[in-house]
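Please look through this structure with me.

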2 protein chains.
Amino acid sequence: MKTINHTTNPLREIVLTGDRPTGPLHLGHYVGSLLNRVALQETHQQFVMIADLQALTDYYDKPDTVHHAVRQILVDYLAVGIDPCMTTIFIQSGIPEIAELTVLYLNLVTINRLRRNPTVKTEMQQKGAEEHVSAGFLTYPVNQAADITCVKATLVPVGEDQLPMIEQMNEIVRDFNRIYHTTVLREAKPLIARTSRLPGIDGKAKMSKSLNNAIYLSDDADTVAAKVKAMYTDPNHLRVSDPGQVAGNTVFTYLDAFDPDHKEVAELKEHYQRGGLGDMMLKKRLTDVLNTILTPIRERRALFMKDLEAIMAIAHEGTQRTREVAQSTMYEVREAMKLLY
Amino acid sequence: MKTINHTTNPLREIVLTGDRPTGPLHLGHYVGSLLNRVALQETHQQFVMIADLQALTDYYDKPDTVHHAVRQILVDYLAVGIDPCMTTIFIQSGIPEIAELTVLYLNLVTINRLRRNPTVKTEMQQKGAEEHVSAGFLTYPVNQAADITCVKATLVPVGEDQLPMIEQMNEIVRDFNRIYHTTVLREAKPLIARTSRLPGIDGKAKMSKSLNNAIYLSDDADTVAAKVKAMYTDPNHLRVSDPGQVAGNTVFTYLDAFDPDHKEVAELKEHYQRGGLGDMMLKKRLTDVLNTILTPIRERRALFMKDLEAIMAIAHEGTQRTREVAQSTMYEVREAMKLLY
């Protein structure tokens, strides 16, 4: 780890990202966001939030899962190279100002506006009957606006599907600043991930714990090999000599995402389509590629897991540092809203 | 003021009440709740909350009104005899734990449950189109549950119309304790006010600033006289000699509420119904009765207004004391929810 602390460089743009701690992180997170964070910390003032309160909107009855996942995710962060000297890692529930801002922002948003949020709408439909949706779930975009504004982040890495969240947040910022005649809150721009979403090993949708189709950063080498072996390819590619399909073939999707030798991958694709290239050989290659990436991560993970107390101290320090920023924002908010007596 | 501090006597039941600071307090508050608080502080551990955050659910765009009203209400409290040595007076926004609990409780309540709350339903209909209702308004019963539980109050003085709020709060308490295998939160019982609601001087509905039909604790003697003079009586009682109606006659409603001589009031009612008793004479009596009550309050008010800084120090001290209780509750809540890392 470097010793220079970049986290308070005022010349750098402020970025906020994070994850809901509902389970350990997987390869989808790795290509979708973690690598990006490792790069961003070099050039930006980056906050990474372990969103335990947001996890509770879905996992309110599984506090043990959330508690355990917070530690797992923290270890994952450090293992992939998110450097606490360059990035401020914090735990959401350690920042009471986020709850305070949430409660204040709730007055600036109508129920109907929240219900119209496309992301919330989609997720609601997945959950089934709307009448069972909790107030915490419906209002979580407001909670996100509080996360982002409390550290005055102006750049938020998101997937395309999260764009309505940024829009909602900016609406709140504009309304707040207009109503209270202030400029304390800052609007944020989305930073859309270039990589498309990594499918699960079954080739379906995205990786998720509930679908049991994810390769975790914490999986050992044998587990990775077994998962790659079970990976979905071309169901019509029965014999090695048969021509095979590349499109929709999960092994190739993963090679595209992880194999550093793009030229060889292109040649393999051609060979596969021609016939004469077996799935086993491809899967062996992918296993090697993945384990080359995962072995050092796995080794650092094992090291960190041995001293979870020291690791948690990093989160506590980051939370403390974030709290100071959030307290300063909250003071300005109180000033603007005449809540200082 | 007494010097013994009863506020931390563990043998006393804990009561929480409060007001939304949207304007100065009036005679309706006086008979409906203030007198009750002056009595309760002798026998209970009483918290009185100036609910500025709840005021903002309706007054989000009038921060100056709320800010000013906080001071007015504090002065009103002290002037009527709420004693800061016996009652802990605090400002809601000074307790971040209330926001934190609100955010946690939002996960335990469905949107539909909130919408079914009769009090919210009625108020929503008064506000007009439901689509314009803010998330802050719909969720304010959850905020109230946070107010009550953060100090572990078990007794909440309310009007009949507020009973659904207590019910909602107790539901949250039971769900929380069950889900997190704890007994940290306490259910509360309502303490229903015996006095019926005081009508406005127009005889209509309740006193309210927007209807301009209230007599304030801060009104001077002439203003009280003028307001009583304008008071609604029996519109068919045209001449002194005419028989008059007592039912629905606001002057008699007020005499019933404020005149200490119930026997004389009974005689006056009889005389009025018989005919031969003029409105002017009755109104003169009521003015005297009200000014007898209001003069000492008015004098104390004037005294306190001269040193608002010292008065605000009382609120700061009460807020600090409440904060210590709320922090201890919040610690137990975090422990139960596994939010201590």
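This is a predicted model: local features need pLDDT of at least 70, side-chain atom pairs count only at pLDDT 80 or more; totals for chains, interfaces and linings use all residues.

1. The interface in outline. In chain A, 48 residues are in contact with 49 residues of chain B. The size of an interface is often given as the accessible area lost when the parts come together. Here chain A and chain B bury about 4100 Å² between them. Carbon and sulfur atoms carry 64% of that area.

2. Polar links across the interface. Between chain A and chain B, 22 residue pairs are in polar contact. The rule also finds two salt bridges across this interface. One of the two salt bridges joins A:Lys338 to B:Asp64, with the closest N and O atoms 2.8 Å apart.

3. Which elements build the side of chain A that touches chain B? Those giving two or more residues are helices H2 (52–59), H3 (63–80), H4 (96–105), H5 (111–116), H7 (135–138) and H14 (308–336) of chain A. H4(A) gives the largest share, six residues.

4. Aromatic pairs, chain A. The whole structure holds 13 aromatic pairs over all chains. One of them is A:Phe47 with A:Phe90, an edge-to-face pair.

5. Aromatic pairs, chain B. Why does the pair of B:Tyr105 and B:Phe176 count as edge-to-face? The planes of B:Tyr105 and B:Phe176 stand at 75°, with centres 6.2 Å apart, so the pair is edge-to-face. The cut-off is over 60 degrees. This pair, too, links distant parts of its chain: B:Tyr105 is in helix H4 (residues 96–105) of chain B and B:Phe176 is in helix H9 (residues 163–179) of chain B, 71 residues apart. B:Tyr105 and B:Phe176 are both buried.

6. In chain A, ring pairs link A:Tyr105, A:Phe176 and A:Tyr180 into a cluster. Charged side chains also meet rings. A:Arg20 lies over the face of A:Tyr140, 4.6 Å from the ring centre. B:Lys62 lies over the face of B:Tyr59, at 5.1 Å from the ring centre.

7. Salt bridges. B:Asp219 is buried at 10%. Their salt bridge spans 2.8 Å, N to O.

8. A salt bridge within a helix. A:Glu267 and A:Lys263 meet at 3.7 Å, N to O. They are four residues apart in helix H12 (residues 262–274) of chain A, so about one helical turn separates them. A:Glu267 is partly exposed at 44%, while A:Lys263 is exposed at 62%. Elsewhere, A:Asp259, A:Glu264 and A:Arg285 are linked in a network of salt bridges.

9. A buried threonine. B:Thr250 is in helix H11 (residues 250–258) of chain B. Its relative accessible area is 1%, so B:Thr250 is buried. Beyond its neighbours within four places in sequence, B:Thr250 is in contact with residues including B:Pro199, B:Ile201 and B:Met231. B:Tyr232 is also in contact with it. The backbone oxygen of B:Tyr232 lies 3.0 Å from a polar atom of the B:Thr250 side chain.

Conventions:
Residues are numbered from 1 along each chain as its sequence is written. Chains are lettered from A and ligands numbered from 1 in the order in which they are written. Side-chain values use heavy atoms; hydrogens and water are left out. Rings of Phe, Tyr and Trp (its six-membered ring) pair if their centres lie within 6.5 Å; planes under 30 degrees apart count as stacked, over 60 as edge-to-face and the rest as tilted. Buried means under 20% relative accessible area, exposed over 50%, partly exposed in between (1.4 Å probe, protein chains only). A charge sits over a ring if NZ of Lys or CZ of Arg is within 6 Å of the ring centre and within 35 degrees of the ring normal. Contact means heavy atoms within 4.5 Å. Buried area is the accessible area (1.4 Å probe) that two parts lose on being put together, summed over both. A salt bridge is a side-chain nitrogen of Lys or Arg within 4 Å of a carboxyl oxygen of Asp or Glu. A polar contact is a pair of N or O atoms within 3.5 Å; within protein, one must be able to donate a hydrogen and the other to accept it, and residues adjacent in sequence count only if both atoms are side-chain atoms.
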